[in-house]
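Work each task on the structure before reading its solution.

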Amino acid sequence: MGLLSAQDEATLKEHLSVITMPVQLVLFTQAFGGSESGDVAKQILNEIASLNDKVTVVEKSFVLDTEDKAKYKIDKAPAIVILSDGIDTRMRMYGAPTGYEFVGLVEAIIVAGTGKIDLDPETMKWIQAVDKPTHIQVFSTPT
Amino acid sequence: MAAANELITADAIEATEFMDLSRKYRVTGVPKTIVNETIEIMGGLPEQVFVRAALDLPDADVEAGV
């Protein structure tokens with residue numbers, strides 16, 4: 001049984017319909033010693049991908065795929081790396097994307113799939129003026 | 001923000017799943033944002049206020065009413 005209701009799926013499909021570029025969701029999970037949230041994350045990503053053929057899921061092992069881990073600088077699992085037409089958007093999600101995190105994931109997919117960032121023009125100017133590496137970590141909970 | 005500038009990386013972290021990190025950054029409420037290990041932002045803020053705080057820009061430049 002899916003995690004999304006038929007109504008949620010229909011709404012989500014409509015939201016995702018604006019996507020014009022391929023989006024890859026690279027999921028790192030740990031099969032042994034990992035938490036159940038890896039399986040939940042996989043199910044959620046597969047359900048999203050089933051609603052739009054431009055969205056695909058690429059599964060990686062947190063233990064075995066060391067080159068990819070290094071490439072995307074992944075140090076914990078489950079981790080989701082969001083690619084826009086193969087290019088790293090530098091947006092990451094750690095843990096199962098449920099509750100509020102799910103909304104954030106869908107928004108990130110839409111940004112990756114449209115190239116459009118829904119921010120005030122002045123805010124965008126400030127962000128584009130950043131000239132040094134900046135690492136933002138946002139902690140949240142599903143509810 | 002990450003999508004708008006290639007020098008920015010943005011991580012959304014499920015706090016209860018990564019308790020060691022939550023302890024490290026003293027996450028007692030959510031959302032809590034940590035920027036470059038030094039800036040801490042508690043709670044949800046309006047877009048411009050949040051971005052200025054995250055980028056350590058002076059508050060004085062924030063337009064009136066924000």
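**Exercise 1.** Which strands does α2(B) lie across, and at what angle does α2(B) run to β3(B)?

Solution. The model is predicted, so local features are taken at pLDDT of at least 70 and side-chain atom pairs only at pLDDT 80 or more, while totals for chains, interfaces and linings use all residues. Residues are numbered from 1 along each chain as its sequence is written, with chains lettered from A and ligands numbered from 1 in the order in which they are written.

Step 1: find the elements, where helices (H or I, at least four residues) and strands (E, at least two) are DSSP runs numbered from the N terminus. Step 2: list the strands under the helix; α2(B) lies across β5 of chain A together with β2 and β3 of chain B. Step 3: read the angle, which is about 160° to β3(B). Axes here are lines fitted to C-alpha atoms, for helices over the stretch in contact, and angles run from 0 to 180 degrees between N-to-C directions.

**Exercise 2.** Describe the secondary structure of chain B and the burial of its residues.

Solution. Step 1: chain B has two helices and three strands. Step 2: from the N terminus on, these elements follow the order β-α-β-β-α. Step 3: a residue is buried if 20 or more other C-beta atoms lie within 10 Å of its own, exposed if 12 or fewer, and partly exposed in between, with C-beta atoms placed from the backbone. On that basis 29% of the 66 residues of chain B count as buried. Step 4: look at β2(B), which is covered on both faces. B:Lys32 and B:Ile34 are buried on one side, and B:Thr33 and B:Val35 are buried on the other.

**Exercise 3.** What is the order of the strands in the eight-stranded sheet, and which strands stand at its edges?

Solution. Step 1: the order in this open sheet is β2(A)-β1(A)-β3(A)-β4(A)-β1(B)-β5(A)-β2(B)-β3(B), and the pairing is mixed. Step 2: β2 (55–61) of chain A and β3 of chain B are the edge strands; each has a single partner strand, so one side of each lacks a neighbour in the sheet. Step 3: from one strand to the next the twist averages 20°.

**Exercise 4.** Trace the pairing around β5(A), counting two strands as paired if DSSP finds at least two bridges between them.

Solution. Step 1: β5(A) (residues 134–140) pairs with β1(B) in the parallel sense over seven bridges. In this pair A:Gln137 stands opposite B:Asp11, and A:Val138 has B:Ala12 as its bridge partner. Step 2: β5(A) pairs with β2(B) in the antiparallel sense over four bridges. Here A:Gln137 stands opposite B:Ile34, and the bridge partner of A:Val138 is B:Thr33. Step 3: six of the seven residues of β5(A) are buried, so this strand is largely enclosed by the rest of the structure.

Step 2: The hairpin has three residues between the strands, and B:Asn36 takes a positive phi near 50°.

**Exercise 5.** How many residues does each chain bring to the contact between A and B?

Solution. Step 1: count residues in contact, meaning that their C-beta atoms, placed from the backbone, lie within 7 Å. Chain B brings 35 residues and chain A brings 34 residues. Step 2: on the side of chain B that touches chain A, β1 (8–14), β2 (32–35) and α2 (47–54) each supply at least two residues. β1(B) gives the most, with seven residues. Step 3: sort that side of chain B by class; it has 21 nonpolar, seven polar and seven charged residues. Ala, Val, Leu, Ile, Met, Phe, Trp, Tyr, Cys and Pro count as nonpolar, Asp, Glu, Lys and Arg as charged, and the others, Gly among them, as polar.

**Exercise 6.** Describe how α5(A) packs against α2(B).

Solution. Step 1: the axes of α5(A) (residues 121–128) and α2(B) come within 10 Å and cross at roughly 10°. That makes α5(A) roughly parallel to α2(B); angles under 35 degrees count as roughly parallel, over 145 as roughly antiparallel, 65 to 115 as roughly perpendicular and the rest as oblique. Step 2: α5(A) makes the contact through A:Thr123, A:Trp126 and A:Ile127, and α2(B) through B:Glu47, B:Gln48, B:Val51 and B:Arg52. Step 3: by class, these are three nonpolar, two polar and two charged residues.

How values were computed: Two residues are in contact if their C-beta atoms, placed from the backbone, lie within 7 Å.
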